[in-house]
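Biologist: I would like to learn how to read packing features from a model. Please take me through them one at a time, general idea first.

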Amino acid sequence: MSNLVQIRVAADAGDGFDSPAKQKAANRSAYSIRPFLYLRRAKQFLGAAKFKLFLVLFALSVIVFVSSRLSSWMGWNPHQSSSVSSTSRGGYTVLINTWRQKSLLKQTVAHYSSCQSVDAIHLVWSESEQPSEKLKTYLNKIVVLKSQKAHKPNFRFDINADGEPNSRFKPIKDLKTDAIFSVDDDVVVPCSTLDFAFSVWQSAPFTMVGFVPRMHWLDKEQNNAAYYRYGGWWSVWWMGTYSMVLSKAAFFHRKYLDLYTHEMSPSIQDYVSRERTCEDIAMSLYVANATSGPPIWVKGAFCSLLLRIGFSLPCVVYSNNLNLEEIIC
């Protein structure tokens with residue numbers, strides 16, 4: 001014992017004084033041990049079972065806190081105040097945009113009729129010829145036969161005889177849901193995937209939640225005017241980022257139907273009417289500008305009746321406040 005004491009004294013004596021580095025090292029060692037002493041004392045005080053329960057509750061509280069901070073940072077805060085209601089009554093309404101593809105339309109209506117959370121199906125008909133009574137009867141029968149619940153989805157044609165692209169987003173009377181799932185007639189999203197996207201939208205009803213990401217970027221500036229380029233799926237895949245989701249397959253609040261129709265810039269609506277395209281880009285940018293929030297891309301597989309594409313690449317969300325006329329469509 002005396003030998004050990006002598007060795008320690010000799011080692012401590014060293015050069016004759018305690019350096020600040022030695023003191024800091026000693027303090028760090030003491031402080032590093034202290035938390036373990038506290039845990040040991042807590043374990044002894046609470047007992048083994050209670051101590052495990054305490055650790056579980058502590059871990060859960062940390063996870064909840066980190067998740068709330070992360071969702072707020074990403075713009076997905078379900079408690080964020082917004083002029084848009086944060087709840088959706090009675091599931092969601094499927095708004096199908098169709099154009100001269102009756103065989104595809106039949107398959108699409110049959111599929112969405114089978115989804116449990118679908119409350120209503122509205123078919124935006126923009127062809128010059130009215131839908132035949134035979135087609136109406138067939139589709140109504142399909143909705144009844146394919147529905148898996150006692151309450152059958154309400155099925156209705158929304159006729160736009162003028163063929164105006166902006167009419168795709170006309171307000172719909174007597175809707176029972178806040179959530180609108182806008183989709184083209186050649187796109188089928190599995191019901192389980194669709195319900196998952198709906199749950200994502202419920203956490204952020206002020207933004208668009210969709211399956212089809214696109215991007216735009218600054219191309220050049222001339223005479224103090226910015227010109228932007230528009231990139232499709234391959235641009236998203238190549239660059240690993242996106243700036244919008246299209247209404248080809250996306251959820252948004254029904255309020256945006258009214259806002260698009262009555263508050264969208266007339267110059268943008270005129271552009272869409274003249275070019276007969278880009279109404280989906282206009283809606284995506286309008287929602288981003290109205291909320292200052294990014295769109296949310298739900299990564300999952302969806303089936304196009306014309307093309308099968310699986311979306312599974314990582315991405316970075318960002319948002320830009322732009323006018324439609326600044327984008328080269």
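Modeller: Start with burial: a residue is buried under 20% relative accessible area, exposed over 50%, and partly exposed in between, with a 1.4 Å probe and protein chains only. Helices (H or I, at least four residues) and strands (E, at least two) are DSSP runs, numbered from the N terminus. This is a predicted model, in which local features need pLDDT of at least 70 and side-chain atom pairs count only at pLDDT 80 or more, while totals for chains, interfaces and linings use all residues. Residues are numbered from 1 along each chain as its sequence is written, and side-chain values use heavy atoms, with hydrogens and water left out.

Biologist: What does the secondary structure of the chain come to, and what percentage of its residues count as buried?

Modeller: The chain has 10 helices and 14 strands. Of its 329 residues, 42% count as buried. A contact means heavy atoms within 4.5 Å. Among contacts in the chain with a separation of 6 or more, 78% join residues 24 or more positions apart.

Biologist: Which residues of helix H9 are buried, and which exposed residues are on the face turned away from them?

Modeller: The idea is to look down the helix axis and take the arc of the directions from that axis to the C-beta atoms. In H9, residues 266-275, the buried residues are Ile 268, Gln 269, Tyr 271 and Val 272. They fall within an arc of 155° seen down the axis of H9, so they line one face of the helix. The face turned away from the buried side carries the exposed residues Pro 266 and Arg 274.

Biologist: How should I read the packing of H8 and H10, and at what angle do they pack?

Modeller: Axes are lines fitted to C-alpha atoms, for helices over the stretch in contact, and angles run from 0 to 180 degrees between N-to-C directions. Angles under 35 degrees count as roughly parallel, over 145 as roughly antiparallel, 65 to 115 as roughly perpendicular and the rest as oblique. H8 (residues 255-263) and H10 (residues 279-291) pack at about 105°, and their axes are 11 Å apart. The two helices are therefore roughly perpendicular to each other. From H8, the contact uses Tyr 256, Leu 259, Tyr 260 and Glu 263; from H10, it uses Glu 279, Ala 282, Met 283, Tyr 286, Val 287, Ala 290 and Thr 291.

Biologist: Which residues of H8 are buried, and what do they pack against?

Modeller: Tyr 256, Leu 257, Leu 259 and Tyr 260 are buried in H8. The buried residues of H8 pack against strand S1 (92-98), strand S4 (179-184), S10, H9 and H10.

Biologist: What is a nonpolar core, and which residues touch the most other members in the largest one?

Modeller: In soluble globular proteins, nonpolar side chains tend to be buried together. A nonpolar core is a set of buried Ala, Val, Leu, Ile, Met, Phe, Trp, Tyr and Cys residues joined through side-chain atoms within 4.5 Å. The largest here has 42 residues, and Tyr 92, Tyr 112, Phe 181 and Phe 251 touch the most other members. Helix H6 (residues 191-203) gives the most to this core, with 6 residues. Another core, of 26 residues, lies apart from it and includes Phe 252, Leu 257, Ala 282 and Val 287.

Biologist: Where is Phe 251 placed, and which residues is it in contact with?

Modeller: Phe 251 is in strand S10 (residues 249-253), and at 0% relative accessibility it counts as buried. Leaving aside neighbours within four places in sequence, the contacts of Phe 251 include Tyr 92, Phe 181, Leu 194, Trp 201 and Met 208. Phe 251 and Leu 194 are 57 residues apart in sequence and 9.5 Å apart in space, C-alpha to C-alpha.
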